[in-house]
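I would like the criteria behind each term to be spelled out as it comes up.

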Amino acid sequence: MTSAIILVFYFILVVVYMLASAFIIYHLATYTLNPEMKVVMISLFSIISGGLLFSNLILFFSINWTVLFPNNF
């Protein structure tokens with residue numbers, strides 16, 4: 001039960017992170033001062049944010065929640 005609640009909250013967090021990333025990418029693409037650097041900036045941001053998300057997912061799913069919360073509510 002506790003694991004399911006934590007998983008739902010984590011899913012909401014990931015969705016918010018992806019929406020914020022899309023918001024940043026939109027503004028990088030729309031309001032960049034140097035159009036030649038647009039592709040570089042968006043690529044760099046996408047690679048770094050994707051790497052951060054991937055490492056966060058790996059670390060989150062490596063946690064044993066039953067050990068941390070032995071009693072269900």
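In this predicted model, the count of aromatic pairs comes to three, where rings of Phe, Tyr and Trp (its six-membered ring) pair if their centres lie within 6.5 Å, and planes under 30 degrees apart count as stacked, over 60 as edge-to-face and the rest as tilted. The rings of Y10 and F60 have their centres 3.7 Å apart and their planes at 5°, so this pair is stacked. The pair links distant parts of the chain, since Y10 belongs to helix α1 and F60, 50 residues away, to helix α2 (residues 38–61); helices here are DSSP runs of H or I with at least four residues, strands are runs of E with at least two, and both are numbered from the N terminus. Y10 is buried, with a relative accessible area of 9%, and F60 is buried as well, with 10%, where buried means under 20% relative accessible area, exposed over 50% and partly exposed in between, using a 1.4 Å probe and protein chains only. The rings of F60 and F61, in turn, have centres 5.1 Å apart and planes at 80°, so they meet edge-to-face. F61 is exposed, with a relative accessible area of 55%, and yet Y10, F60 and F61 form one aromatic cluster.

The model is subject to some conditions: local features need pLDDT of at least 70 and side-chain atom pairs count only at pLDDT 80 or more, whereas totals for chains, interfaces and linings use all residues. Residues are numbered from 1 along each chain as its sequence is written, and side-chain values use heavy atoms, with hydrogens and water left out.

Helix α2 also contains S49, which is buried with a relative accessible area of 10%. Leaving aside neighbours within four places in sequence, S49 is in contact (heavy atoms within 4.5 Å) with Y17 and S21. In the loop between α1 and α2 lies T32, which counts as buried at 17% relative accessibility. With the same exclusion of neighbours within four places in sequence, T32 is in contact with H27, K38 and M41. The C-alpha atoms of T32 and G50, 18 residues apart along the chain, are separated by 21 Å.

The C-alpha trace spans about 55 × 15 × 10 Å along its principal axes. The radius of gyration is 17 Å, whereas a compact globule of 73 residues would have one near 11 Å; this quantity is taken over C-alpha atoms, and the globule rule is 2.2 Å times the number of residues to the power 0.38. Buried residues make up 15% of the 73 residues. Among contacts with a separation of 6 or more, 65% involve residues 24 or more positions apart. The chain exposes about 5,800 Å², of which carbon and sulfur atoms supply 79%, with areas from the Shrake-Rupley method and a 1.4 Å probe.
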